[in-house]
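Subject: Model handover

Hello,

Here is the structure I promised. My notes on it follow below.

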Amino acid sequence: MAKARKLGTFGGVFTPSILTILGVIMYLRFPTIIGQAGLVNTIGIIVIAHIISISTSLSVASLSTDKTVKTGGTYFMISRSLGLPIGGTLGYALFVGLSFSVSLYLIGFAESFLGYWNLDTSINSVRLTGTLILLIVTTVTFISTSLAIKSQYFIMAAIGLSLLSIFFGKHDFAPGTIHLKPLADAAPFMILFGIFFPAVTGFEAGVSMSGDLKNPKKSLPVGAMAAVVVGFVVYIGLAFFYAFTVDAEVLKNDSQILFKIALVPVLVIIGIWGATLSSALGSILGAPRILQAIAMDKIAPKIFAKGTGKTNEPRNALILAFIIAEAGILIGQLDVIARIVSMFFITTYAFLNLACAIESWASSDFRPAFKIPKFISVIGAMC
């Protein structure tokens, strides 16, 4: 049965993408990163990460306007450009990366939830809480993709209100001087970069929904690039705000600092919980669709190609995504999972940019409606 395509640019691409970008890293790790790295190095982290994500989103825009992108999003583009063997390998990497992303977001939720209620925050408590929430998120996705998408509109509003509460709050943590340079005991630049990078991979949540879109050629480039640009503006704004208004040692050491500086602290906790849950929903919606597309190309076991209902929901693939996400939750350490996710996504994005560069140089029938200079994809692949 043909898959019914219902989603537009805003609901199908921009919403899941921006909610994943403005997610667990923004709330639970970004204050610590700028506290350790200082404004200059943090801007460097943000810019380098966004060079990769912007060049990749532009490559997505170019590839998606050349041919109709079907189920699988990034996997479909790479496999049709570099061939099924390479595409399949990277598709598996992307599937595993997105599945681990679910555990990243839910570990973040568990940390915040337990800390807010002054409950035990040991690694076993984080594992138990994360597992229970994973069961709920997977059940919602299993029942209805539409329900999962609709819930994200309310979460986006909560995130917006929480950001306003942070920016307009009053507090007594002002720095003696503007925090420009790294602290003496700061973590190395690359470690902090690895922790931050999953924040800019959020547009993959939207791209992975390609098979559910009314018009992928229009929605993919517009939605993905809009989400990346909005995310860049927010992170740059937060970097300057924290560096100029909050003491570095407080940013580094106080996990409750966002509640203490916010105008309405409850809006921040709603934003954190909403962002982590919506990011998990976005990733657990996208990951099974990639594995389903791989199986439809007969690279993965055919059991994962089977869908359910009018919209061909990939429930068998969803079960495997759940198992991988649970393995990540059992690791129980957000910073470790963040670096694992970074590794998978950086590899995939390099090959996506490479695919776009090869198509533009070597393919005579590559005529995208959205054209980009060849060097952009090359830069993205090299970074």
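Which residues does Y235 touch, not counting residues up to four places away in sequence? Y235 touches I21, L22, G23, I25, M26, F30, I46, F196 and A199. Contact here means heavy atoms within 4.5 Å.

Some ground rules. This is a predicted model, where local features need pLDDT of at least 70, side-chain atom pairs count only at pLDDT 80 or more, and totals for chains, interfaces and linings use all residues. Residues are numbered from 1 along each chain as its sequence is written, and side-chain values use heavy atoms, with hydrogens and water left out.

Overall fold

The chain has 16 helices and zero strands. Both are DSSP runs numbered from the N terminus: helices are H or I with at least four residues, strands are E with at least two. The radius of gyration is 20 Å, close to the 21 Å that the globule rule gives for 383 residues, so the chain is as compact as a globular protein of that length. That radius is taken over C-alpha atoms, and the rule is 2.2 Å times the number of residues to the power 0.38. The C-alpha trace spans about 60 × 45 × 30 Å along its principal axes. Of the contacts with a separation of 6 or more, 85% are between residues 24 or more positions apart.

Core

Buried residues make up 58% of the 383. Buried means under 20% relative accessible area, exposed over 50%, partly exposed in between (1.4 Å probe, protein chains only). The largest nonpolar core has 121 residues. Such a core is a set of buried Ala, Val, Leu, Ile, Met, Phe, Trp, Tyr and Cys residues joined through side-chain atoms within 4.5 Å. Helix α13 gives the most to this core, with 15 residues. M26, I159, F196, Y235 and Y242 have the most contacts inside the core.

Aromatics

Y235 also belongs to a cluster linked by ring pairs, with F30, F167, F196, F241 and Y242. Rings of Phe, Tyr and Trp (its six-membered ring) pair if their centres lie within 6.5 Å; planes under 30 degrees apart count as stacked, over 60 as edge-to-face and the rest as tilted. The count comes to 19 aromatic pairs. In one of them, Y116 and W273 have ring centres 5.6 Å apart and planes at 85°, so the pair is edge-to-face. Y116 is in helix α5 (residues 84-116) and W273 in helix α13 (residues 265-296), 157 residues apart. Y116 is partly exposed at 32% relative accessibility. W273 is buried at 18%.

Helix α4 (residues 74-82) is mostly covered, with eight of its nine residues buried. The cover includes α3 (30-64), α5, α9 (203-207), α10 (216-245), α13 and α15 (334-362). G83 follows α4 and has a positive phi, near 100°.

S59 is found in helix α3. S59 is buried, at 0% relative accessibility. Leaving aside neighbours within four places in sequence, S59 is in contact with L352, N353, C356, I372 and S377.

Two loop residues to look at

N118 is not a glycine, yet has a positive phi of about 55°. N118 lies in the loop between α5 and α6 (123-143), and is exposed at 71%. K298 is not a glycine either, and has a positive phi of about 65°. K298 sits in the loop between α13 and α14 (315-331), and is exposed at 77%.

Best wishes
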